[in-house]
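This report goes through a protein structure from the whole chain down to single residues. Keep the sequence and the 3D view at hand while reading.

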Amino acid sequence: MIAQNRVFIVDGTRTPFLKARTEQGPFSASDLAVAAGRPLLARMPFLKARTEQGPFSASDLAVAAGRPLLARMPFDPSEFDEVILGCVIAGAEEANIARVVALRLGCDEQVPAFTVQRNCASGLQAVASAAERIQLGQADLVLAGGTEAMSRAPILWNARMVAWLGGMFRARGMFGRARALAGFRVGHLQPVYSLLLGLTDPIVNLSMGQTAEVLAHRFDIAREAQDAYALQSHQRLAVAYDAGYMADEVEVLYRANGKFDTEDTGLRRDSDMSKLAKLKPVFDPKYGQVTSGNSSQVTDGAALLVVASEAAVQRHRLPVLGEWLGHDWAGVDPRQMGLGPVHAVAKLLKRLQVSMHDLAQMELNEAFAAQVLACQAAWDSADYARAELGLDAPLGAMPPERLNPEGGAIACGHPIGTSGARLVLHLLKSLQRKGGGLGVATLCIGGGQGGAALLRVREAAAA
Amino acid sequence: MSELSEPAVVRPIAHAPCRHWRVEYGAVDTTGRLVAAAPNDEIALLTIDVAGQSANALSREVMEEFDRMLSDIANRGVQGLVIRSAKASGFIAGADVHEFEHVADAAQAAHLARQGQIVLDRLPAFSFPSVALIHGFCLGGGLEVALACTYRVADQGPATRFGLPEVRLGIHPGFAGTVRLPRLIGHLPALDLMMTGRSIDARAARRLGLVDDVVPERHALYAAQIFIRRRPKPGRAPWSRRLPGLAPLRPLVARLLARRARKQADADHYPAPYRIIELWRRQASAEDEAASLGELLVGRTSRNLVHVFALGEELKRRGRLHAHDIQSVHVVGAGTMGADIAILAAAQGFKVSLQDRTPEILAQAVARANKFFQRRFKDARQRQAAMDRLTPDLAGHGLRRADLVIEAIVEKLDAKRALFAHIEQVAKPDAVLATNTSSIPLETIAQSLRDPSRLLGLHFFNPVTRMQLVELVRGKQTAESALNRARAWTVAIDRLPLDVVSSPGFLVNRVLTPYLLEAVKLIEEGVSATAIDEAAVNFGMPVGPIELADTVGLDICLAVAETLSGPLGVPVPQELREFVAQGRLGKKTGHGFYRYDANGRPRKSRRTNDARLRRHLPIMERLVLRLLNEAMVCLREGIVDGPDAVDAGMVYGTGFAPYLGGPMCYAESLGATGIGHSLYRLSQEYGERFSPDPGWSQPELLTRSADASA
C-alpha cells in the first residue's frame, strides 16, 4: 500500500447563513465565498516565497505558538496549490466558481481550481478531495470548502417556451416569423422553479421532505419528537451564539447597503413547542408530519478551510486545528436518502477501527429532524445492523449531548454546497473548545448517499 | 499601442529627419500589421512620439514637424492617412503648457494658435481621407487634431478619454475646436464639453458621434484601413442636436448658458466660459477663435490657473521620483476620513484592510464604498474588484501584512499613543506608519514608538475623494526613506503630496485659522454670517468662512484654534466656545452658525439691512490680510519650502480662489510693501493681530526657484 501523507486542517471561517425568502438574496455564491475567504486568508500565517526564511524571529514564533490555536496571521493566497469548492447552484456567470473565487481572493492566476458537486455533501466532497490530493502528495496547501446562494437559484423558461424561442430565432422572412409568432401559448409563460426541481429526486420522484416522511413512518418518529428536536437545535445554537462560542468560526458579513450580519438569520430564539405545533406539513400536505419548522432552512452561506500537509505545516510553522483521518461514501435507497449517514459512518468506523463510544462529538447534518432521529434509531437497532449493515451488533446511537451539541441546520440553515464544510469546521472548533478528541462529520445526500469524515483534535493542543 | 514592426520599405526624406514624428507607407494585412504594398494601394501611417517625454504635447516644434510630414505625405500620393501615437500613455494630451509662460503678448499667442490651425486645416483639404487612431487620453489640442481628421477610431479600453480641458486653464480651444466640435456632435454637447472641461470615455464618445467606432487594440489599424477603403459618410450631428445652432436661437441659448455659468464662476474672475459662449453665439471663425485665445492666454486668470496647474504637476513629479513599494494598506479608524482614505486607495488598486471597533461603523464604511464605486466605475466587474480589495477588518488581521499603516482615529493623544505602540509590535518592520492627525504634534505621538523615524503625517482634507491635497508631515525624527515612499504612494492614489514640517496646524489649517477667527470676530461685531460668506464667495472662495467652519466642524475649529492660540497669539472667540459647549457643532449636528436642512444645505438669511454690508471691502480686506499674514509666517518659519508650496497647499487643500493663483501669488500682485502698509493701517484700527509679519520686508522669501514652477 502506498504510504499516505497526513492531512491537517489549519483553520476555517464561514459566513452567517442568510435565510432565503421569496426575493433574491443580496449575495451571489461567489460573493459569499469571497466574504468568507478574505478574513480567513487574512488570519493565515504569513507565507513568504518557498525558499526564504519566515518573516518572524525565534522569539516571535515562540510567542505565536503560545497564543491560542486560532491566532490570526497574514497569509499570501498565492501559496495555495489548489482551490476546491463545493457548489450545486452556481450562477450562470460563475462557471467553475472555485476558479472565480480563487481569483477574487487574490490567488494569482497560477493557482488552479475546480468545483465539485455531490449534492448536499458537496462541501464535504471538496474537503475530501483536498485531503486526497494531499495524501497522494500532489498538493501541500489547499483552500477547500463550499458556497451556495440558494435564494438565487434560477427561475427558468419551461421546455415549450424554449422551443418556441428557438423557432422565433430561426424563423426567416415575414411569413416565417409570423408563423413562429403564432405558435405562442400563454402556457409557455409558466416558469420552472429550479430550486424545487433540485430538491426532488428525479429517479424515485420524491421530494427530500417526502423521504423524511418515509423515515418518520418507518422508525415511528412522532410529530412531537420531531418538533422537540427542532426546538433543541434552535436553543442550542442560541446558547452557543450568546456564550460567544461561535465568534471564532463565524465572520461578520457586511452588505453593500450598510447592514451587516453576525449570526445566522434563520435562528429563532423565540421558537417554542406551541409555535412549532401550529405549522402545517409542507411536503405531504394535509396528513404529513414534516413541517418547515422541523426541517432545515433554505439558506445562503459559505464555509472555507485551509487544508495542509505535514510538510506544509512544518515548513510554514502553521498552527493546526485538527487532523483529517479519513472519509467514506455510501450509497443507499434514494427513497430513504436520510439514512445515508448510518451507512457511511458504519463503513468509516469499521475501516478505521473506531467505535461510536470513541467519538467525543458527532456533527450530523440536520436535513430534517425526522431524518436525524431515524439515523439514531437505525444505529441503535440490532435488526438494522444485521439486515442492512451486515454487522453482528448495532453500532449504538450517539449520546444526545454529543450529537450536534451547538445545534445544526434546522436552526442555522442548509446551503447545500456549504454544509459539509461547515460541519467539519464546526466540529473542529467545538472539539478544540472542549479539550479535543475524535469526531465525525456526516451528511445524508439527496439521491441516496451518505458521506462521513473522521477528524481528531489533539487534547494537548487545545486551550 | 504595441510596438510597430519595421515598415517593409523606408523611403529617404528630403529634409532633416523629424524628432517627434515618423511615417511609414504600406497596407495593413489581416494580421493587423503594416506591410509593403503596391504604390497605388498605400496608406501612410504617421506616428507621433514626442522625444524625451512620457506624453505627447503639441509644442511649436511638434507642430512644425507635423506640417513637414504632411507635405511629404501629400507629395507621396496615398490612399489615406492614419495618425496614431507611439506612447503608452495616450494619443495627445494637448498643447504644451510649458510654452505658455514664454508667450509675451496676445498677438504672439494668437499667431501661434493660427499657425496651428493652418496646419490642421490641411487634413480636410487632402483628396484622401485621414483617420485618427486614439488610445488613452485625447485632450485639448489632441482632440482638435482628431477633429481635423475625416474619421476617428477609439480603443475600447478604460483609459481612453476625450475632453477639451482648456477652460480649466482659463482659456478655450485654439485649434478650431470651437468651430469643428459643435458641427460634429451638436451644439449643446459641444458647449458642455468645452465649458466644463470634463472628459468622457470611448463609449460616451461613440454615442455622441465624436468617434466613428470603438475597437479592441488588436484590430485598430485594420479598422482604420477599412475606413479609408470604404469611405463611409463622415459623421455629423443629427438635426435635433443642430437645432440650438439656428441663428435666431443662438442669443437665447447663449443667455441661458451664461446664466447657468454664473452660478459656478464669476465672469470677472473666470472669463473663459463666457468667451466660449460668446464665440459660439456670433458663430465666430477660426481666426476669431485664435484672437480670443491670445487675449485670454496673457490675462491674469489664465496665467494664474496655469501656475496652479504647474504647481500640481510639480508635486506629482516629485512624488514619482521614488518607488513606494506598497501593496497592502491598513487603515485604523473607519469614520468619514478613514473610510474615504481606504476607499480611495482601493479604487486606485491597493489592497486595503479597514479596522474599527464595531461592525456598525465598518458596515457604514462598506455602504459608503459601494456608493462611491457605483459612481466611479461603469463596469460591474471593476466595481466588484474594488469592493473585493477593501476588507472590513474588525480584528485588525490586516495589520500584519500591511506595507503602510494609516491611523485615522479620534483626536486624542492617549488613544493614538496606545494604538501606535500596538501597531509597532505587530506590523512589518519596514512598514511606513502614518497619522492623519490635524492637531497633535508628531513628536508627541512618536514618544510611544521604539523607532520614531517610521512615523510621519499624512493629513488628508475633507472630503477626501474631492480635495486633492495631502499634507505630508515631516517630524524631527522622520526618516527620508519613509517620506519618499509616502510621497510616492500619495501620487499613486491620485492625490498631491505637499511636504510640510511638523508644527501646529501644519500649513493649511494654520493659514486658515486666523481667517476663520476673523470671520467669527466680525460676527461678534454684528455683521451677519450671510454677508460675510457672500463677500468671500464674491472674492472667489468656493465657500465663505462661516460655512467652511460649520463644514469642518466647530469642535475641530475650536481644537485647532486652541492649539494655535499660543503660536498665533490670538484669543479664542468666546462665541465659538459657547457653541461647542451647547453642542452646536455645525453641519454634522444640523446647527452651527447656520441651521442646516436634511440635505446639509445651510439656511441663509436674506436680510441685508446691515450697514456694513454696503462696504464689502473692509470685510474681505480684514479676512484676506489675516490669511496672507499667516501665510507669510508659515513661509518665514519654513513650514513649507517656498511660496509655491503655500499656493499649492491653499488652492488644492481648501480651494483658495484659483484665479488668483494662490495667496502668495496674490500677495505678489498686490506688492509686499503695499500689504505691509495695509496691515499696519488695520492694526491701528483693529488691533495687534494685524501687525505685519517681519517676512513682508524680506523679499527673498517671496522669490520662487526657477525649476519649482516649471
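## Charges and overall form

The model is predicted.

Along the principal axes, the C-alpha atoms of chain B fill a box of roughly 85 × 60 × 50 Å. The accessible surface of this chain is about 30100 Å², and carbon and sulfur atoms account for 52% of it.

## Inside chain B

Chain B contains 29 helices and 23 strands. Of its 710 residues, 57% are buried. If contacts in chain B between residues at least 6 apart in sequence are considered, 73% of them join residues at least 24 apart.

Seven strands of chain B form an open sheet with mixed pairing, in the order 2-1-3-5-8-10-13. Strand 2 (34-35) and strand 13 (213-215) of chain B stand at the edges with a single partner strand each, so one side of each has no neighbour in the sheet. Strand 1 (residues 21-28) of chain B runs antiparallel to strand 2 of chain B, and two bridges join them. Here B:Val28 stands opposite B:Leu34.

## Two prolines in loops

B:Pro129 sits in the loop between helix 3 (106-125) and strand 8 (130-134) of chain B. Is B:Pro129 buried or exposed? Its relative accessibility is 4%, and buried means under 20%, so B:Pro129 counts as buried. Leaving aside residues up to four places away in sequence, B:Pro129 touches several others, including B:Gln79, B:Leu81, B:Tyr151 and B:Ile228. The C-alpha atoms of B:Pro129 and B:Arg229 are 9.1 Å apart, although 100 residues separate the two in sequence.

B:Pro463 belongs to the loop between strand 19 (455-460) and strand 20 (469-474) of chain B. The peptide bond that joins B:Asn462 to B:Pro463 is cis, with omega at about -5°. Most peptide bonds are trans.

## A covered strand in chain A

How many residues of strand 15 (residues 437-445) of chain A are buried? Nine of its nine residues are. In a regular strand, side chains alternate between the two faces of the sheet. In strand 15 of chain A, both faces are covered: A:Gly437, A:Gly439, A:Ala441, A:Leu443 and A:Ile445 are buried on one side, and A:Leu438, A:Val440, A:Thr442 and A:Cys444 on the other.

Strand 14 (residues 359-364) of chain A runs parallel to strand 15 of chain A, with five bridges between them; A:Gln361 has A:Gly439 as its bridge partner. Strand 16 (residues 449-457) of chain A pairs with strand 15 of chain A in the antiparallel sense over nine bridges, and A:Ala441 stands opposite A:Ala453. In the hairpin of strands 15 and 16 of chain A, three residues lie between the strands, and A:Gly447 has a positive phi near 105°.

Most residues other than glycine have a negative phi. A:Asn96 is not a glycine, yet its phi is positive, at about 50°. A:Asn96 lies in the loop between strand 3 (82-86) and helix 3 (97-104) of chain A, and is partly exposed, with a relative accessible area of 34%.

A:Asn119 also has a positive phi of about 50° without being a glycine. The loop that holds A:Asn119 runs between strand 4 (113-116) and helix 4 (122-135) of chain A. With 22% relative accessibility, A:Asn119 counts as partly exposed.

How values were computed
Residues numbered from 1 in each chain as written. Chains lettered and ligands numbered in written order. Predicted model: local features only at pLDDT ≥ 70, side-chain atom pairs only at ≥ 80, totals over all residues. Heavy atoms only, no water. Helix = DSSP H or I, 4+ residues; strand = E, 2+ residues; numbered from the N terminus. Buried < 20%, exposed > 50% of the residue type's maximum accessible area, 1.4 Å probe, protein only. Contact = heavy atoms within 4.5 Å. Areas by Shrake-Rupley, 256 points an atom, 1.4 Å probe, with all protein chains shown as cover. Pairing = 2+ DSSP bridges.
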